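Have the model open and follow along.

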Amino acid sequence: MLQTTWVHCILLSPVQVANNMMDMDQDPRKRLCFADGRRKVDYVLVYHYRKRSSVRGSPSQHRLSIISNGSYPLGVEEKDQEGRKDEPAEVVVDVGPPDPADGEKIMIREEFEGNLKDAGLEIEHDKENKAHGHAFIRLHAPWQVLSREAEFLKIKVPTKKSYELREEKGLAATMNEVWRKLNQPFQPKVPHQEQEHSRTKFLSHCALFFCLTGITTLIANGVYDSAFPLHDGDFHPSGQAEGKNDRQLLHDEWARYGAFYKYQPVDLIRKYFGEKIGLYFAWLGVYTQLLIPASVVGIIVFFYGWATVETNIPSQEMCDEDQNFTMCPLCDRACDYWHLSTACGTARASHLFDNPATVFFAIFMSLWAAMFLEHWKRRQISLNYSWDLTGMEEEEEHPRPKYETILLQKRQLKHIHAYILPLFTLNVFLPSQTGHEKLTWRDRLPGYLINISSILFMFGVTCSAVFSVIIYRITISALMAMSSDPEVKSNVRVTVTATAVIINLVVILILDEIYGMVAAWLTELEIPKTETNFEERLILKAFLLKFMNAYAPIFYVAFFKGRFAGRPGDYVYVFNDYRMEECAPGGCLIELCIQLSIIMLGKQLIQNNVFEIGIPKLKKLCRTLKDKERAPKEIVEQPGRRQQWHLDYDLEPFDGLTPEYMEMIIQFGFVSLFVASFPLAPLFALLNNVIEIRLDAKKFVTELRRPDAIRAKDIGIWYNILSGLGKFSVIINAFVISFTSDFIPRLVYQYMYSETGTMHGFINHTLSYFNVSNFKPGTVPSISSLGKDITFCRYKDYREPPWSTEPYQFSKQYWSVLAARLGFVILFQNLVITMSMLVAWVIPDVPKNISEKLKKEKTLLVDVFLNEEKEKLQLIQSLFSRDLTQEQQEELNVSDQTSLPLHQTQPGPHPPTSSPAPRTRPRAASFSQFTRQMSMSPQSNITQHTAV
């Protein structure tokens with residue numbers, strides 16, 4: 001009954017099985033083998049046991065003893081097949097478990113391990129020398145098991161023939177040679193694997209499934225604590241470059257900050273960790289490399305703004321004190337009138353990011369996103385070809401443990417209802433339908449409803465956090481404006497903006513952790529059937545919540561701040577006391593830049609680096625303290641005798657790549673969505689990623705258990721998210737340039753309203769007039785330092801003056817600017833999307849060299865099959881010719897008999913001669929029949945099958 005439930009598989013990386021036979025004499029310091037010192041440990045199972053009492057046999061030997069940790073009889077345990085039948089072994093028998101649950105777990109473990117032995121795996125147990133603690137089960141997969149599993153997975157074997165493409169000559173060859181020499185210092189010093197044995201080379205191109213049935217379910221049910229493959233010994237260098245294992249090579253050439261300038265050894269990463277992790281680091285490397293040109297262009301745009309700030313006419317007009325623009329108060333009663341020239345610094349800083357080059361940079365970054373996705377597709381196809389993943393088929397996944405549990409409960413409930421309500425269930429619940437039960441949308445409906453309501457609630461929490469920060473900004477601005485210190489008044493906007501962004505950052509970091517746990521909980525409620533479905537749904541929920549959390553404050557500043565503040569004499573109030581905040585005189589773009597830069601840098605510095613270093617160490621410390629409290633009387637082994645599986649168990653378990661991808665996807669949004677407001681975002685992303693690669697590498701090599709290798713052809717749903725962000729960035733940048741910056745108003749003024757065709761008079765054109773006598777009672781400044789002769793004040797908006805027939809209504813300039821903004825959005829979107837599609841069309845998905853290799857492989861494959869068919873046809877023709885020869889020989893014998901003399905013929909009556917019956921021509925057997933016949937004949941070795 002139990003064995004039909006466990007149908008899971010564990011995936012081992014190539015290096016875990018490529019060197020499955022190992023000689024301990026080569027390096028006695030590494031304890032990676034069974035007690036015989038020759039069979040390598042491929043996988044480790046860990047469980048917690050509690051021993052009541054024991055019966056001991058022969059004294060302990062120098063080797064680890066193979067024991068039975070349950071109700072096995074002493075003679076039932078299988079003996080080793082390699083000549084160790086007579087070796088003494090220690091047998092420890094549990095008298096009885098402390099409770100029935102432990103007894104059931106012991107029985108399940110015994111049956112599970114028996115199934116592993118039946119599958120061909122070899123098992124070694126620990127000696128139980130402690131009252132209770134962790135027991136380790138080592139597994140070894142012989143070569144025959146690997147070959148069998150490779151057949152089940154339909155893994156291709158290289159053809160016997162080989163070919164080489166022609167080398168380039170002329171200028172191209174010279175340029176390639178120069179580039180190779182220039183690139184040599186950046187290549188990691190990793191030995192190549194061309195000279196390995198054929199079977200090791202075969203295994204280095206694939207990952208094999210071992211049928212450890214149901215290990216995920218057993219871990220979820222507490223039968224085992226954990227299961228993991230072993231690391232290749234210690235990661236500290238041994239001093240000999242040729243004798244280093246793969247873990248040491250990865251540590252020296254990849255997981256050190258001193259190797260930041262080198263390329264990643266992607267093939268070695270894939271060999272050690274599997275294709276899925278290899279693809280992640282390959283994608284991260286491509287993304288980081290392509291950030292270099294984006295960073296260079298962003299620096300050029302920034303320095304262009306810095307170089308032209310002195311010649312920028314709008315900035316000069318705002319800083320000119322002779323203009324004497326008297327602005328309306330920023331708050332009621334406590335705030336005074338002020339001169340526009342006091343905002344000179346803000347205007348000059350805005351020009352660094354709000355200049356004509358920003359539009360070019362936004363277009364460039366939209367095309368850059370399309371080029372990045374196309375380049376990654378080419379790189380992915382190249383890796384699929386080199387890693388033999390082009391013909392990989394999707395394997396059917398086993399259901400998750402929770403899905404099986406819910407399904408079992410549903411079946412039991414149906415059986416109960418069938419017994420209780422036989423009249424209603426007689427025609428519904430048939431016994432033949434029991435094996436085909438599955439969860440329907442009705443079973444998942446409560447989970448879906450909770451998901452929708454919870455996500456909406458989380459959106460409300462995020463918006464509430466943003467609104468709370470808005471209230472903070474409004475109140476602090478009013479309090480600082482009432483200060484008697486003039487220096488405090490002059491720095492109100494900068495102080496409030498900086499502190500509010502820091503508060504936003506803290507809230508984002510806290511909500512990020514909460515949303516990650518909420519997303520996992522909501523995904524569990526949906527009861528996904530497989531791990532792939534679970535991962536995809538978890539990614540979508542986590543991305544949706546974290547995207548909303550990270551970008552909600554930025555969206556507010558970019559598109560909502562100052563849009564609903566009203567005008568002097570008709571302001572919009574919050575709680576009837578606080579005026580809605582307005583943008584700075586230079587626009588909201590500089591505030592958007594500050595908001596984006598602080599949140600982006602803060603998340604990268606704190607969440608991506610400090611958390612990644614500190615949290616694993618805290619988890620490891622807590623787990624160590626918990627184990628000590630759990631087993632206070634446990635006998636501590638000598639440090640010098642600790643095996644590799646003990647060291648690996650002390651490391652932090654691998655939790656998946658979702659957090660790693662999520663960090664980079666959110667960063668990609670910062671780089672692409674609002675890049676028009678912060679051209680230096682690609683530069684800071686590049687600097688972060690250079691550190692992030694080495695930080696992740698160090699974490700994988702030194703701080704995490706070795707993950708189970710998983711075969712994958714692509715990065716999955718993350719590519720769709722990247723593609724969606726790339727398209728969404730076009731729309732966001734179009735609206736940022738049109739509505740947040742002053743690019744469109746400047747163009748409209750220069751070409752429609754300027755008398756000289758220049759930007760002179762632009763500031764005066766954007767400021768409207770307000771008659772101070774129209775202030776509502778109680779909102780006029782109580783104390784004015786500018787005198788009582790002020791009749792009009794100015795505010796930034798396109799409205800009719802007080803002396804107009806329609807005072808304070810939107811002017812014609814407002815509608816002209818609005819039409820130009822909407823027209824620019826449409827033009828920008830269509831232009832950039834068309835250019836992106838053109839880029840995607842021009843750049844082929846498959847590189848030219850890969851397409852040539854694939855064509856040659858197809859040609860070679862056709863030649864192999866044609867040769868096989870030709871050999872079969874020749875053999876069939878030889879059979880026909882042999883039959884024809886025999887027929888001619890028979891006819892010749894008949895003619896010889898008819899030509900004999902009469903005296904040699906026997907006397908007696910002869911039957912009348914008749915023409916012989918026509919001989920039926922033998923039908924040619926089909927190729928499949930011929931193959932079966934030849935395979936059944938032990939002497940047939942004519943046909944030669946070429947494995948492909």
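A crossing is left-handed if the near helix is turned anticlockwise from the far one by less than a right angle, and right-handed if clockwise. Keep in mind that this is a predicted model.

## The α7/α8 crossing

Start with helix α7 (residues 246-253) and helix α8 (residues 266-273): their axes come within 10 Å and cross at roughly 140 degrees. That angle makes α7 oblique to α8, since only angles over 145 count as roughly antiparallel. As for handedness, α7 passes α8 in a left-handed crossing.

Who's doing the touching? On the α7 side the contact is made by D246, R247, L249 and L250, and on the α8 side by L268, I269, K271, Y272 and F273. Sorted by class, that contact has six nonpolar and three charged residues, with no polar ones.

## Helix α22

Next up is helix α22 (residues 681-703), which has 23 residues. At 1.5 Å a residue it should span 33 Å, and its end C-alpha atoms are 30 Å apart, so the two values agree.

## G823 in α26

Last stop: G823, which is found in helix α26 (residues 812-842). G823 counts as partly exposed because its relative accessibility is 34%, and that class lies between the 20% and 50% cut-offs.

G823 also pairs up with a residue from elsewhere in the sequence: S738 is 85 residues away along the sequence, yet the C-alpha to C-alpha distance is 9.2 Å.

Notes:
Residues numbered from 1 in each chain as written. Predicted model: local features only at pLDDT ≥ 70, side-chain atom pairs only at ≥ 80, totals over all residues. Heavy atoms only, no water. Axes fitted to C-alpha atoms, helices over the stretch in contact; angles between N-to-C directions. Helix = DSSP H or I, 4+ residues; strand = E, 2+ residues; numbered from the N terminus. Parallel < 35°, antiparallel > 145°, perpendicular 65-115°, else oblique. Contact = heavy atoms within 4.5 Å. Nonpolar A, V, L, I, M, F, W, Y, C, P; charged D, E, K, R; others polar. Buried < 20%, exposed > 50% of the residue type's maximum accessible area, 1.4 Å probe, protein only. Expected span 1.5 Å × (residues − 1).
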